[in-house]
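Please keep the sequence and the model in view while reading.

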Amino acid sequence: MRGRIIGKIEESRKITDVAREFDVAHSVVSRLWKSFKTTGMCSRRHGGGRVRNTTPAEDIYIVLSAKRNRRTTAQQVANQFHAASGKQISRKTVARRLRGGGPYARRPVVCVSH
């Protein structure tokens, strides 16, 4: 849709008419046209948000080290990770990674025996 909007403006159509045709606000088309004129592209920017502290491989390492000894605390896992990789991570980061793909509490199933 962005490319079609740019194409219409390049055909010497008014921004207001193009906005009405595509049923978007005038400011949206105006901003898109201004961005296209400065950068020469009309694609969206990706990669917003906070940078992750650990890679997916490191996440797996955290989960595995926690599964090896189920009694270790998140702080102890963070200390082990620091010793292994040299990267300092917080107890909260370990807890988040374990919540994402780690061990969870299990209770035995209560059922009627046959």
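This is a predicted model: local features need pLDDT of at least 70, side-chain atom pairs count only at pLDDT 80 or more; totals for chains, interfaces and linings use all residues.

A residue is called buried here when its relative accessible area is under 20%, exposed when that area is over 50%, and partly exposed in between. Asp-59, at 13% relative accessibility, therefore counts as buried.

**Asp-59 and its partners**

- Asp-59 is found in helix 4, which runs over residues 56-68.
- Once its neighbours within four places in sequence are left aside, Asp-59 is in contact with Arg-52, Thr-54 and Arg-97.
- With Thr-54 the link is a polar contact between the two side chains, at 2.5 Å, while with Arg-52 the side chain of Asp-59 forms a salt bridge, at 2.7 Å from N to O.
- Arg-52 counts as exposed because its relative accessibility is 52%, whereas Asp-59 counts as buried.
- Arg-52, Asp-59 and Arg-97 are linked in a network of salt bridges.

**The faces of helix 4**

- Helix 4 has 13 residues and spans 19 Å from its first C-alpha to its last, which is close to the 18 Å expected at 1.5 Å a residue.
- The buried residues in helix 4 are Glu-58, Asp-59, Ile-62, Val-63, Ser-65 and Ala-66.
- Seen down the axis of helix 4, these buried residues fall within an arc of 165 degrees, so they line one face of the helix.
- On the other side of helix 4, Pro-56, Ala-57, Ile-60 and Arg-68 are exposed.
- The cover over the buried residues of helix 4 includes helix 5 and helix 6.

**Other salt bridges**

- How many salt bridges does a search of the whole structure find? The search finds four.
- The side chains of Glu-58 and Lys-87 meet in a salt bridge, at 3.0 Å from N to O.
- Glu-58 lies in helix 4 and Lys-87 in the loop between helix 5 (74-85) and helix 6 (91-101), so this pair ties together parts that are 29 residues apart in sequence.
- Glu-58 is buried, with a relative accessible area of 17%, whereas Lys-87, at 29% relative accessibility, counts as partly exposed.
- Another salt bridge joins the side chains of Arg-20 and Asp-17, at 3.6 Å from N to O.
- Both Arg-20 and Asp-17 lie in helix 2, where they are three residues apart, about one turn of the helix.
- Arg-20 is exposed, with a relative accessible area of 60%, and Asp-17 counts as partly exposed at 32% relative accessibility.
- As a general point, side chains of opposite charge can pair when their charged atoms come close.

**Nonpolar cores**

- In soluble globular proteins, nonpolar side chains tend to be buried together.
- Which residues make up the largest nonpolar core? This core has 10 residues, namely Ile-5, Ile-6, Ile-9, Val-18, Ala-19, Phe-22, Val-29, Leu-32, Trp-33 and Phe-36.
- At least two residues of this core come from each of helix 1 (2-10), helix 2 (15-22) and helix 3 (26-39), and helix 3 gives the most, with four residues.
- Apart from this core lies another, of nine residues, among them Ile-62, Ala-66, Ala-78 and Ile-89.
- Val-18, leaving aside its neighbours within four places in sequence, is in contact with Ile-5, Lys-8, Ile-9, Arg-13 and Val-29.

**Helix 1 and its buried side**

- Ile-5, Ile-6 and Ile-9 are buried in helix 1.
- What covers the buried residues of helix 1 includes helix 2 and helix 3.

**Positive phi angles**

- Most residues other than glycine have a negative phi.
- Asp-23 has a positive phi of about 55 degrees although it is not a glycine.
- Asp-23 sits in the loop between helix 2 and helix 3, and at 70% relative accessibility it counts as exposed.
- Ser-12, which follows helix 1, also has a positive phi, near 70 degrees.

Definitions and conventions:
Residues are numbered from 1 along each chain as its sequence is written. Side-chain values use heavy atoms; hydrogens and water are left out. Buried means under 20% relative accessible area, exposed over 50%, partly exposed in between (1.4 Å probe, protein chains only). A polar contact is a pair of N or O atoms within 3.5 Å; within protein, one must be able to donate a hydrogen and the other to accept it, and residues adjacent in sequence count only if both atoms are side-chain atoms. Contact means heavy atoms within 4.5 Å. A nonpolar core is a set of buried Ala, Val, Leu, Ile, Met, Phe, Trp, Tyr and Cys residues joined through side-chain atoms within 4.5 Å. The expected span of a helix is 1.5 Å times one less than its number of residues. The arc is that of the directions from the helix axis to the C-beta atoms.
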